[in-house]
Amino acid sequence: YEALGFTGNISDEQKQQQKADRERRKQEENEKRAEYGLEDLRPTYRGTTLSEWENIQDGKIISSDNMQDTTWVSDKKEYSSEFVKNREDGVLIEFKSEAIDKSVHESGQENDTTGVRLGRGLTINDIQRATDSEGNVLYDAELAELNNQITPQQKQEAQQRYSEYLKTTNN
């Protein structure tokens, strides 16, 4: 596909439409979840280090020390941001809203206002965005997804170009 001159990018208008569609679906999903007594979909956060971020990018399940496949997350961004801003190698991870289903309130603390939760089995596929301690975006799932989509028109043009190529090679 790329050899035929396509980049896989879609227009800003298409990106905006897809974003609006996602927001509408999220609202509909939250209404359904409320009927069954489930929490609303919303992001959760984790402050971590560049070293752990590299492990996550390599496909490892996110784990806190001595907690196999389990880690601390918070539904309060400011709580996780505090860890990141106090470290030169800090990374703030924002999990996708759906990842809340992989976490539970189990901090064990009375009157806990930190929003601390235990997240289980979280991977890079659950991450929406990661930023370093200076706010630079290290990873953005939405941008990666949008930039790798192929429109039907691009697919048709690629097929036409490939067909023309085959004709020139007598295949």
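Predicted model: local features only at pLDDT ≥ 70, side-chain atom pairs only at ≥ 80, totals over all residues.

User: In what pattern do the helices and strands follow one another along the sequence?
Analyst: Start with the count. The chain has five helices and seven strands. Read along the sequence, their pattern is α-β-α-β-α-β-β-β-β-β-α-α.

User: What share of the contacts with a separation of 6 or more comes from residues 24 or more positions apart?
Analyst: The chain has 171 residues, and buried residues make up 33% of them. Now look at contacts with a separation of 6 or more. Residues 24 or more positions apart account for 72%.

User: How much of the accessible surface belongs to carbon and sulfur atoms?
Analyst: The accessible surface of the chain comes to about 11,300 Å². The part that belongs to carbon and sulfur atoms is 44%.

User: Why are the buried residues of α2 on the same side of the helix, and what arc do they cover?
Analyst: Helix α2 spans residues 50-57, and its buried residues are E52, W53 and I56. They sit on the same side of α2 because they cover an arc of only 105° around the axis. In general, an α-helix has 3.6 residues a turn, so residues three or four places apart point the same way. The arc asked for is 105°.

User: Which strands are included in what covers the buried residues of α2?
Analyst: Take the helix in its setting. After α2 comes G59, with a positive phi near 95°. The cover over the buried residues of α2 includes β1 (45-49), β3 (90-95), β6 (127-132) and β7 (137-140).

User: Which element gives the largest share of the largest nonpolar core?
Analyst: This core has twelve residues in all, among them W53, I56, V91, I93, F95, I127 and A130. The elements that give two or more residues to this core are α2, β3 and β6. The largest share is three residues, and it comes from β3.

User: Which residue of β7 stands opposite A130?
Analyst: A130 is one of the residues of the largest nonpolar core. A130 is also among the residues that V91 touches, along with W53 and L138. Strands β6 and β7 run antiparallel and are joined by three bridges. In β7, the residue opposite A130 is Y139.

User: Which residue takes a positive phi in the hairpin of β6 and β7?
Analyst: This hairpin has four residues between the strands. The phi in question is near 90°. The residue that takes it is G135.

User: Is S80 buried or exposed?
Analyst: S80 lies in helix α3, residues 77-85. Leaving out residues up to four places away in sequence, S80 touches Y45, R46, G47, S74 and L92. The cut-off for buried is under 20% relative accessible area. S80 has 5% relative accessibility, so S80 is buried.

User: Which parts of the chain does the salt bridge of R42 and D75 tie together?
Analyst: The side chains of R42 and D75 meet at 3.0 Å, N to O. R42 is partly exposed, at 25% relative accessibility. R42 and D75 are 33 residues apart in sequence, so their bridge ties together two loops: the one between α1 and β1, and the one between β2 (70-74) and α3.

User: Which strands hold D140 and R129?
Analyst: D140 and R129 form a salt bridge, with the closest N and O atoms 3.1 Å apart. D140 is buried, at 13% relative accessible area, whereas R129 is partly exposed at 26%. The pair ties together parts eleven residues apart in sequence, because D140 lies in β7 and R129 in β6.

Definitions and conventions. Residues numbered from 1 in each chain as written. Heavy atoms only, no water. Buried < 20%, exposed > 50% of the residue type's maximum accessible area, 1.4 Å probe, protein only. Contact = heavy atoms within 4.5 Å. Areas by Shrake-Rupley, 256 points an atom, 1.4 Å probe, with all protein chains shown as cover. Arc of directions from axis to C-beta. Core = buried A, V, L, I, M, F, W, Y, C linked by side-chain atoms within 4.5 Å. Salt bridge = Lys/Arg side-chain N within 4 Å of Asp/Glu carboxyl O. Pairing = 2+ DSSP bridges.
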